[in-house]
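Dear colleague,

I am handing over the structure below, and my notes on it follow. Please read them with the coordinates open beside you.

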Amino acid sequence: MAFELDQSKEALPLYIQIKQDLKSKILNGTWSEGDKIPNELDLCELYDVSRTTVRDALNELVWEEYLIRRRAKGTYVLGVPGQRQDSDVYETHFRSFTHQMKEMGKEAGTLKAEVMRTPASAFIAEQLGVQEGELIYEIQRVRGVGDTAIVFFKTYIHVPIELSLKPEDYYGSLYQMLLGLGIKVKKVQEYLEAVNPSESLQQILNIEPNQPILKRVRSTFNEQKHFSEYTECYYIGERYRYYLEFDQISK
């Protein structure tokens with residue numbers, strides 16, 4: 001029996017529903033590691049949706065390392081990422097702001113972006129694993145939905161290739177841009193804390209001094225690509241909700 005998409009207003013976006021159905025086929029063993037899955041046109045016909053919707057679903061699963069694309073060959077099952085013998089181990093999925101907004105049926109946008117090359121301070125050098133004074137990339141962005149600001153990102157990146165210094169190139173998903181350059185995040189460390197907004201943050205996000213702020217500090221790495229990132233994210237508390245998805249890894 002074909003999977004039926006929920007078309008109601010309260011339902012998850014169609015691409016998320018398709019992603020969940022495809023993912024379930026991997027988790028329940030319908031598709032095994034190394035299997036080639038149906039092509040995009042076949043999936044469009046199966047779910048009766050556009051190719052863009054199918055592609056968004058597949059992109060999510062490629063990002064989460066359930067699937068892999070092989071040029072001129074198709075899309076194949078990688079299996080369950082991080083699979084272990086211990087059935088009580090759980091896996092969490094890291095999502096960019098763009099992905100989080102998509103899952104809520106909203107389109108993330110960037111209201112302002114700045115990028116520069118700057119010497120690493122002692123603190124930032126320690127976070128990135130580089131020498132103090134080494135040139136790194138600093139990217140500052142205000143992101144949100146429509147004209148409404150939700151978060152201010154201050155990002156520092158060390159990478160052996162040259163990145164664009166054009167602000168307009170950072171108005172989309174940073175991680176999708178890096179993925180296009182062959183850099184995929186392999187390790188993520190995060191912590192969260194509630195903070196009061198500084199005077200500069202009040203101006204950047206146009207908020208009151210007593211506005212609650214959720215500070216999210218993220219470090220990401222890909223040692224094979226000699227890539228490291230340190231980001232401080234400042235979310236307006238009443239406009240953002242942080243959540244995690246857990247998958248149980250079975251034997």
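How many nonpolar, polar and charged residues does the lining of the second largest pocket have? By class there are seven nonpolar, three polar and four charged residues in that lining, where Ala, Val, Leu, Ile, Met, Phe, Trp, Tyr, Cys and Pro count as nonpolar, Asp, Glu, Lys and Arg as charged, and the others, Gly among them, as polar.

Before the rest, some conventions. This is a predicted model, in which local features need pLDDT of at least 70 and side-chain atom pairs count only at pLDDT 80 or more, while totals for chains, interfaces and linings use all residues. Residues are numbered from 1 along each chain as its sequence is written, and side-chain values use heavy atoms, with hydrogens and water left out.

The protein has seven helices and ten strands, taken as DSSP runs numbered from the N terminus (helices H or I with at least four residues, strands E with at least two). Buried residues, meaning those under 20% relative accessible area with a 1.4 Å probe and protein chains only, make up 45% of the 251 residues. Of the contacts (heavy atoms within 4.5 Å) between residues at least 6 apart in sequence, 62% join residues at least 24 apart.

Six strands form an open sheet in the order S4-S5-S6-S9-S8-S7, with antiparallel pairing; two strands are taken to pair if DSSP finds at least two bridges between them. Strand S4 (108–119) and strand S7 (187–195) stand at the edges with a single partner strand each, so one side of each is left without a neighbour in the sheet. Neighbouring strands of this sheet are turned by 15° against each other on average, direction ignored, the axes being lines fitted to C-alpha atoms.

Returning to the second largest pocket, its space is about 320 Å³, and 14 residues line it, the closest to its centre being Glu-65, Leu-179, Gly-182, Lys-184 and Lys-186. Helix H3 (51–63) and strand S1 (67–70) each supply at least two residues of this lining. On a 1 Å grid over the protein atoms alone, a pocket is an open set of points with protein on both sides within 12 Å along at least five of seven lines, a cavity is a set where a 1.4 Å probe fits but cannot get out, and lining residues have an atom within 4 Å of a point. Grid points are joined across faces, edges and corners, and a volume is the space filled by probe spheres set on the points.

One cavity of 30 Å³ or more is found in the whole structure; the largest cavity holds about 90 Å³ of space. Among its 13 lining residues, Phe-97, Arg-141, Phe-153, Tyr-175 and Arg-218 are the closest to its centre, and the lining divides into four nonpolar, five polar and four charged residues.

Finally, Gly-144 lies in strand S5 (residues 135–145) and counts as buried at 0% relative accessibility. The C-alpha atoms of Gly-144 and Phe-97 are separated by 8.9 Å, although these residues are 47 apart along the chain.

Best regards

Conventions
Axes are lines fitted to C-alpha atoms, for helices over the stretch in contact, and angles run from 0 to 180 degrees between N-to-C directions. Buried means under 20% relative accessible area, exposed over 50%, partly exposed in between (1.4 Å probe, protein chains only).
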